[in-house]
Each structure stands twice: as structure tokens, then as C-alpha cells.
Amino acid sequence: MSGSSHSDRRYAPAAMRNRDPILAVLREVLPTSGTVLEIAAGTGEHAVYFSRFLAGIFWKPSDPDANARASIAAWREAEGLHNLMVPIALDAAAAQWPLESADALVCINMIHISPWSATLGLMAGAGRLLSQGAPLVLYGVDCH
């Protein structure tokens, strides 16, 4: 994703509002080191923010949308954080994902707005990637 420009950076007002409460939970449940895969990373604002405050973790953002990945890459380039990795193309509903393991998975604001197949894929992918006891952190679940 080289060649991203600052103009590619997207903004989501909710990211500013919910990042601190989410970070507080992540500090409690994530390992202090290792790789965290973020599913449906969207704008990349959460990835940047969490990478800044969870310096021992390598944050691996993913999104199926090329424009979202361009935004993530632009945020990554602008911030220059050593532990924020290049975003990858990943469709949660896909039977195969482009990596084989992670120490934790984080999914923010996806399962309540995506097709059911994405949620089923997320659970299957977590089962393949995570070792026993590794956290799968979900935010934005609408239980109506």
C-alpha cells in the first residue's frame, strides 16, 4: 500500500467517541505482546489509536474494501507507528484467510451491520487462527 496520500485518510465520528472505552477493555483482555488481527478495520483510526497505546502488540488491520485499506495505509504512513502493520485484504466470510495464526482477534462495528455469513466466517476464522484461550474481542453487537 505504498504511495498512500494523506487525502486517502477517512474519518468516522464514532471512532473518536468509542476509542477510549474500547482501549480500556483491550488493555484488560489482550496479551501484552504478539499479533492482533483487526477484522473490518474500516478507516484505520482505531488501528492507529490502539497501536499508539499498546506498543508491545503488532496490530494487523484488515478489510475487504480497497478504499478502506487505502485509508488505513494513509493513517499508518502519517503516524509512523512501528507496530502498525500493512493492512491486508480479508473478507470475514471467506473460507480461507491470508494468515495462519494470531494471538488475538478484534472486530469493531461489523457483526451488527454485515451479512450473517460474515459473522459465521468470523467465528470459523477465529477457531482456525486462535489458540485455546486467546481472545476474540467484539464491539458493536446489537442484541435487539
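Me: Which residues does Thr43 touch, not counting residues up to four places away in sequence?
Reply: In this predicted model, Thr43 is found in the loop between strand 1 and helix 2 (45–53). Leaving out residues up to four places away in sequence, Thr43 touches Arg10, Tyr11, Ala12, Ser71, Ile72 and Trp75.

Me: Is Thr43 buried or exposed?
Reply: The relative accessibility of Thr43 is 14%. Buried means under 20%. Thr43 therefore counts as buried.

Me: Over which ring does the charged end of Arg9 sit?
Reply: The distance from the charged end of Arg9 to the ring centre is 4.8 Å. A charge sits over a ring only if it is within 6 Å of the ring centre and within 35 degrees of the ring normal. The ring under Arg9 is that of Trp75.

Me: What is the strand order of the open sheet?
Reply: The sheet has four strands with parallel pairing. Its edge strands, each pairing on one side only, are strand 2 (57–61) and strand 4 (136–139). The order is 2-1-3-4.

Me: What angle does the direction of helix 1 make with that of strand 4?
Reply: Helix 1 (residues 13–29) packs on the sheet, where it touches strand 2, strand 3 (104–108) and strand 4. Its direction and that of strand 4 make an angle of about 160°.

Me: Which residues do ring pairs link into a cluster?
Reply: Rings pair if their centres lie within 6.5 Å. The count by this rule is three aromatic pairs. The cluster linked by ring pairs consists of Tyr49, Phe50, Phe53 and Trp59.

Notes: Residues are numbered from 1 along each chain as its sequence is written. This is a predicted model: local features need pLDDT of at least 70, side-chain atom pairs count only at pLDDT 80 or more; totals for chains, interfaces and linings use all residues. Side-chain values use heavy atoms; hydrogens and water are left out. Two strands pair if DSSP finds at least two bridges between them. Helices (H or I, at least four residues) and strands (E, at least two) are DSSP runs, numbered from the N terminus. Contact means heavy atoms within 4.5 Å. Axes are lines fitted to C-alpha atoms, for helices over the stretch in contact, and angles run from 0 to 180 degrees between N-to-C directions. Buried means under 20% relative accessible area, exposed over 50%, partly exposed in between (1.4 Å probe, protein chains only). Rings of Phe, Tyr and Trp (its six-membered ring) pair if their centres lie within 6.5 Å; planes under 30 degrees apart count as stacked, over 60 as edge-to-face and the rest as tilted.
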